[in-house]
Amino acid sequence: MPKRGATGMLSEALRRLVTEPITEPYVVEDLEEQPHLRGRPLLIPEKCTGCRLCYMVCPSSAITMVTVGTRRVGQREVPLQHPRFDYFRCIYCGMCSYVCTFKAIELERKLVPLHVGPKPSGGEGA
């Protein structure tokens, strides 16, 4: 029977401080490939021209364009931008890959756990 009142809560809190945690650490490992999923978008930077089509069609606004360098257009140097995917906002619809005429976005079916906090050593995160 649980103890009641402030003394009981204090006693329980002190007991919990010295006992082992109940939760087990989450094992970070790659998950098996899922054939029924489209997968997460991955950029192949060598193929990307920065045309922004993927950015414009993304229904969840999970893509932001970031400047990665410059490119020459005619006689001018213009910023070269590549998409950056926010996997927490992505709905994994695959539209970005579908509209990319340069095949610069592939969908990877291998699932990788996403992390909110600091990236664990040896793992791949968002």
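**The hairpin and its surroundings**

Strand 2 and strand 3 form a hairpin with two residues between them. Gly-74 sits in the turn, with a positive phi of about 65 degrees. Helices (H or I, at least four residues) and strands (E, at least two) are DSSP runs, numbered from the N terminus.

This is a predicted model; local features need pLDDT of at least 70, side-chain atom pairs count only at pLDDT 80 or more, and totals for chains, interfaces and linings use all residues. Residues are numbered from 1 along each chain as its sequence is written, and side-chain values use heavy atoms, with hydrogens and water left out.

Strand 2 spans residues 63-73 and pairs with strand 3 in the antiparallel sense, over ten bridges. Two strands count as paired if DSSP finds at least two bridges between them. Thr-70 has Pro-79, in strand 3, as its bridge partner.

Follow the chain onward. Tyr-92 lies in the loop between strand 3 (76-85) and helix 3 (95-99). Its phi is near 55 degrees, positive in a residue other than glycine. Most residues other than glycine have a negative phi. Tyr-92 is partly exposed, at 29% relative accessibility. Buried means under 20% relative accessible area, exposed over 50%, and partly exposed in between (1.4 Å probe, protein chains only).

Lys-103 also has a positive phi near 55 degrees. Its loop runs between helix 3 and strand 4 (105-108). Lys-103 is exposed, with a relative accessible area of 56%.

Next, the cysteines. The whole structure holds zero disulfides, a disulfide being a pair of cysteine sulfur atoms within 2.5 Å. For Cys-48, the closest cysteine sulfur belongs to Cys-54, at 6.3 Å, so the two are too far apart for a bond. Cys-58 is in no disulfide either; its nearest cysteine sulfur, in Cys-93, is 6.2 Å away. Cys-48 is buried at 15% relative accessibility, and Cys-58 is buried at 16%.

Last, the surface. Leu-10, Leu-14, Leu-17 and Val-18 form a nonpolar patch, with about 460 Å² of accessible area together. Patch residues have over 30% relative accessible area and no salt bridge; nonpolar side chains (Val, Leu, Ile, Met, Phe, Trp, Tyr) are joined within 5 Å, like charges within 9 Å. A salt bridge puts a side-chain nitrogen of Lys or Arg within 4 Å of a carboxyl oxygen of Asp or Glu. Areas come from the Shrake-Rupley method with a 1.4 Å probe; for residues, only the protein chains shown count as cover. Leu-17 lies in helix 1 (residues 5-18) and is exposed at 69%.
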